[in-house]
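Thanks for making time this morning. I would like to walk through a few contacts, going from one level of the assembly to another, so please have the structure open while I talk.

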Amino acid sequence: MLQSLLSPDFFNAILRATTPILFAALASSVASKSGITNMALEGIMLFSALFGVIFSAMTGNFAAGLLLTMAAGGAIGLLLAFFVLNLKTDEILAAIAINLMATGGTVLLMLAVSGDRGSSTSIANVSAPKVVIPLIDQIPFVGQILSGQNLMTYLSILAVVVMHLFLYKTPLGLKIRAVGENKNAAESVGISSRKIQYIALMISGVLASMGGFFLSGGYMNMFTKDMSAGKGYIALAASAMGGDTPIGGFLVSLLFGAAQALANMMQLTDIPHELIQMVPYLTTLVGLGVYSYAGLKKRQKLAGK
Amino acid sequence: MTCLEKNIVLQMNHIMKIYSNGVVANEDVSIELEKGEIHALLGENGAGKSTLMKVLFGIESPDEGQILLNGQETSIRSPQDAISKGIGMVHQHFMLVPSLTVAENIILGVEPRKKGVFIDMEKAVSAAEEIAQKYNFDIDVRTKVEEIPVGIKQKVEILKALYRGADILILDEPTAVLTPQETDELFVQLEKLRDNGHTIIFISHKLDEIKKICNRATIMRSGRSMGTYEVKDISTEDMSRLMVGRDVVLTFEKEEAKPAGVILKVRDLSVRNAQGVLKVDNLSFDLQGGEILGIAGVEGNGQSELINSLTGLNKSYQGRIFVKETDIEKSSIKEIRDLSVAHIPEDRMTSGCAGNLNILENLFSNQYTDPEYSGKMLLKVKRIQARSVELIKEYLIKCRSFRQNVGMLSGGNIQKVIVAREFSTGPGLIIANQPTRGVDVGAAEFIRKRLLAFRDAGCAVLLVSADLNEVFSLSDRLAVMYKGKFSGVFTNVADVTEEELGQYMLGLKHQEEQEGVIYE
Amino acid sequence: MNNAKRFDLFRMFFSVLIALLISFVIIFLVSSEPVTAITTLITGPLKNKRSMGNVIEAMIPLIFTGTGVCIMFSANQINLATEGGFHLGGLVAAAVALKLGLPAGLSPVVAICLAALAGAVFCAIPAVMKIKTGSPELVSSLMINYLSLWLCTFIMMHFLQDPSVGSASYKLPAASELPTLVKGTNIHAGLLLALLVALFGYVFLFKTRTGYELRLTGENENFARYSGISIVKVILISQMVGGVIAGIGGSVELLSPIYTRFSWIALLGYGWDAIIICTLAKKNPLYTPLAALFLAYLRTGASIMARYTDVTLEIVQIIQGIIILLVVAEQFLSGMKHRMIAKEAKASLKEGEVA
């Protein structure tokens with residue numbers, strides 16, 4: 001057990017398990033920075049997991065499939081924005097509605113497209129490829145971890161850098177942070193907070209859809225009913241614990257990814273699998289509690305007692 | 001130019017605005033501005049000044065009426081639209097992003113770029129410095145906004161508007177949060193802007209300021225325009241009459257205070273805010289029954305922190321607070337209220353009421369556990385209803401019935417609901433924080449008379465107010481709060497002039513020895 | 001009833017109508033026999049006594065979780081653990097029925113009481129976490145739902161499992177089953193309990209001291225704290241009462257004639273359904289039976305449709321989603337509402353001038 005915990009395979013698995021959570025955590029952070037909690041991540045991921053399979057099969061090309069899925073994810077983000085911003089729907093209830101529609105809609109759509117019920121077995125599978133990085137793959141141990149990952153995993157790490165630069169170094173990023181921190185201030189200088197939040201939610205939708213795409217086209221090789229299994233919610237917690245920053249979200253996602261990888265590995269032991277299934281959720285719950293408690297103590301200390 | 005002789009830059013004609021809760025904020029209001037004037041928009045709180053300006057700045061759309069800019073009819077759909085048409089607004093509550101620097105706040109929305117994608121921060125800083133120098137504003141643009149004082153924040157706001165090329169500048173009660181010295185500095189700058197050809201709308205209800213700086217004044221009362229006047233041709237008495245419709249009673253018939261024993265005792269109280277800043281600094285004082293202790297001071301000098309500690313909303317303080325001999329350190333808010341403490345909160349909408357609940361539900365939040373109104377489990381609905389009817393009548397709350405939601409009432413009536421609730425328990429100590437802020441004159445007078453009546457009946461009253469007239473006319477003792485301490489305490493209010501008070505408020509003066517703070 | 005309230009009601013019906021229309025469009029897109037499908041969806045439940053019975057049966061769990069969510073949401077506690085609480089309630093009931101061997105009459109009572117207790121403790125977890133650490137109950141409740149699922153599955157598979165069936169418990173003894181009320185259907189005594197709980201929820205929220213505290217806190221927490229209400233107490237009580245009701249709901253469902261074993265190996269979704277019930281009932285438990293009737297009817301219709309045509313049951317979740325979106329959308333049809341209120345205000349302005 002200990003030996004396998006220290007093997008490069010395990011670290012490799014951590015990165016793999018981190019990928020969907022990381023995409024969704026980035027999605028959550030850009031939405032949160034603009035002042036909106038995007039709980040619809042869960043539904044967007046689920047929709048995108050199915051879209052990914054369908055679009056990739058339709059085009060016969062994972063890249064085209066990915067782009068179409070990202071477009072669809074962005075569109076769901078815009079839909080959420082429309083309800084929250086134009087129709088003033090409560091953002092949590094709007095997200096619950098979208099998640100409900102994802103649960104039902106994916107089953108309905110899968111059946112309509114392929115005739116499959118539980119999982120998309122009859123749709124030809126076109127997944128994102130694994131990438132071997134020359135030179136790095138030669139390095140012992142580290143090479144085995146860093147090279148040979150799914151392309152989406154590399155994209156997710158690239159996305160951390162891109163999102164960091166975007167939020168902190170570009171005009172649009174500045175506007176997103178301004179809108180999230182003081183909407184009225186942004187409005188007062190003519191920034192349309194609605195437009196900025198629309199953009200933020202669209203980006204959020206695109207990022208979440210990449211996580212969803214990876215679920216069915218990398219992490220697994222088909223769509224199965226309810227396959228997001230709360231990863232969107234876990235990502236919500238990861239982003240919050242990372243202070244809604246891309247880099248913070250990345251670190252916490254790694255932690256949760258490790259919990260998932262550990263759970264996957266423990267499947268090989270005698271521990272009942274039902275208990276192992278609890279590990280990622282339990283880790284998130286405990287992590288959330290510890291993080292919130294630390295924040296509470298810090299605020300109390302500042303106030304003098 | 002269509003109006004050659006007068007050079008009119010802006011006209012708003014017959015504006016009507018009804019909010020979705022049914023409140024008619026503007027009813028047929030017209031105003032016109034000449035180039036290069038400072039034009040006062042004068043009126044009591046709630047007269048509709050802010051609404052009219054929101055319409056002009058594109059925040060609210062009018063239900064009826066037209067706007068002409070340089071003679072051309074135009075519609076202003078958003079603040080962005082207003083800015084592009086050369087209209088800038090400095091809001092009463094600052095519109096700044098605290099975690100960003102002054103420069104970032106100034107360039108927000110019109111950021112200089114480098115490499116096409118990124119913000120050119122160096123250029124931003126130099127541009128901000130340039131505009132600050134051009135108008136003689138002395139500001140370090142690299143500081144974060146959360147670290148600068150209020151007066152400077154307002155300058156940042158003005159710079160923001162100027163940076164965007166504003167010709168017409170709306171200032172919404174700009175002096176409300178400033179010290180007299182900061183106000184003077186602001187006026188010098190406004191005059192400079194006027195001489196440069198900018199047109200300024202100056203919203204205020206302070207007559208002396210309008211006399212001092214404005215060319216013309218449009219006076220509003222309860223959503224209607226009472227006409228536009230040359231300031232030099234109209235007396236402050238006339239302005240006041242047009243504004244409130246009758247002469248304001250600023251002096252109350254007051255009997256000599258009959259102090260009846262210490263009710264509130266504060267010793268060595270220190271309070272830090274959430275950011276860890278010391279807001280109340282080793283404060284000690286006593287308050288007796290039958291007297292009103294007024295606390296004056298520029299907002300943000302520890303008044304809120306003091307009150308939150310006295311009422312149990314803040315439990316992390318050092319020092320000791322006694323209400324009727326009971327140390328309240330371990331007491332809950334409920335237990336403090338049970339010592340017959342009533343509290344009129346500073347901001348009625350954030351903590352004074354629940355707008356979506358009805359009047360009845362808002363009238364009993366502090367006394368529903370009274371055996372009169374509930375058993376161990378169930379509420380005595382009939383009795384509560386009967387009592388609500390009585391209170392509505394007694395406190396002259398204008399409403400359709402107690403089933404009406406509080407959020408649908410006017411500011412003055414909401415305040416009356418709060419006062420009715422707090423006073424109906426027969427309090428022994430009233431802590432009133434800005435009790436008449438933003439309410440109409442009639443309601444304010446009503447509330448002040450009630451406070452005096454309670455004082456005459458032996459109740460102790462702690463009155464915190466930014467309204468100097470109010471503290472002057474009601475207080476038996478007057479303390480000035482500056483940076484968490486009392487910079488001055490006056491046992492005889494008549495001994496101190498308004499000017500002197502201002503110097504204490506600014507910390508220019510400080511009493512070394514204070515008498516009459518503690519009674520022992 | 002004033003204009004604003006009448007308008008809200010109108011908007012709700014309009015939203016439901018739009019949701020149904022959209023679902024019809026979807027059915028037209030995916031089905032080869034859309035007309036039959038839609039007709040079955042709408043008239044299916046009225047075809048025979050058994051189908052009508054199914055509607056009433058399906059109402060029961062919805063009333064429970066809907067009432068629980070009404071209470072938690074009234075206090076503005078966005079705890080979504082009714083889902084897990086319901087699941088746990090079912091498991092506890094199964095365990096009591098199988099392991100304690102109590103006589104008929106006593107068995108369901110003990111099972112329901114213990115399930116209520118389990119639900120309370122379970123839904124208290126997000127509350128206690130919020131009080132002690134400041135964690136948002138929304139996220140923690142989502143996490144513990146999955147914990148509930150896997151814990152229940154674990155207990156069932158290791159302590160209650162019937163090896164001859166696989167992933168289900170042993171058959172529940174007849175002594176634990178709730179009696180049927182209407183012959184020829186599965187409508188059971190749980191209906192009475194559900195209606196009682198809805199009534200209790202109404203009285204609790206609107207006629208008791210604690211309920212008043214909950215609603216005050218839900219509308220404006222600062223105001224409640226300032227008034228002397230213990231927010232900690234409100235957080236804990238609202239979520240525990242919600243949990244009690246969810247737990248009872250789960251146990252009643254499992255002990256009903258509909259189930260013969262504990263075989264829930266996935267979350268059933270009643271916690272999410274509760275949100276639409278709460279939305280339609282405008283957070284008033286008194287209206288949850290009506291809202292539940294609507295959803296139950298829709299669901300029964302959809303399951304009949306799924307049985308006889310090529311459209312799946314999941315269409316209901318789409319309809320539900322649209323209804324939530326539109327009913328909660330404050331600005332939906334707001335132009336009409338504003339014109340109505342403005343007209344009223346102008347009219348009263350004129351009255352004022354006359355007077």
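Predicted model: local features only at pLDDT ≥ 70, side-chain atom pairs only at ≥ 80, totals over all residues.

Let me begin with chains A and B, where the contact draws on 23 residues from chain A and 28 residues from chain B. On the chain A side of that contact, helix H8 (171–181), helix H9 (183–188) and helix H14 (279–302) each contribute at least two residues, and by class the side of chain A that touches chain B is made up of 9 nonpolar, 8 polar and 6 charged residues.

Next, chains A and C, and one pair of helices in particular. The axes of helix H11 (residues 231–241) of chain A and helix H6 (residues 137–160) of chain C come within 10 Å and cross at roughly 140°, and H11(A) and H6(C) are therefore oblique to each other. The crossing of these two helices, H11(A) and H6(C), is left-handed. Tyr233(A), Leu236(A) and Ala237(A) make the contact from H11(A), while Val139(C), Leu142(C) and Met143(C) make it from H6(C); by class, the residues of this contact are 6 nonpolar, with no polar and no charged ones.

Finally, within chain C, we have domain 1 (1–31 + 311–355) and domain 2 (55–309), whose centres, taken over C-alpha atoms, are separated by 29 Å. Between them, 13 residues of domain 1 of chain C are in contact with 11 residues of domain 2 of chain C. Helix H13 (residues 315–328) of chain C gives the most to the domain 1 side, with 8 residues, and that side has 10 nonpolar, 3 polar and no charged residues.

Notes. Residues numbered from 1 in each chain as written. Chains lettered and ligands numbered in written order. Domains from an automatic or database assignment. Contact = placed C-beta atoms within 7 Å. Helix = DSSP H or I, 4+ residues; strand = E, 2+ residues; numbered from the N terminus. Nonpolar A, V, L, I, M, F, W, Y, C, P; charged D, E, K, R; others polar. Axes fitted to C-alpha atoms, helices over the stretch in contact; angles between N-to-C directions. Parallel < 35°, antiparallel > 145°, perpendicular 65-115°, else oblique. Left-handed = near helix turned anticlockwise from the far one by under 90°.
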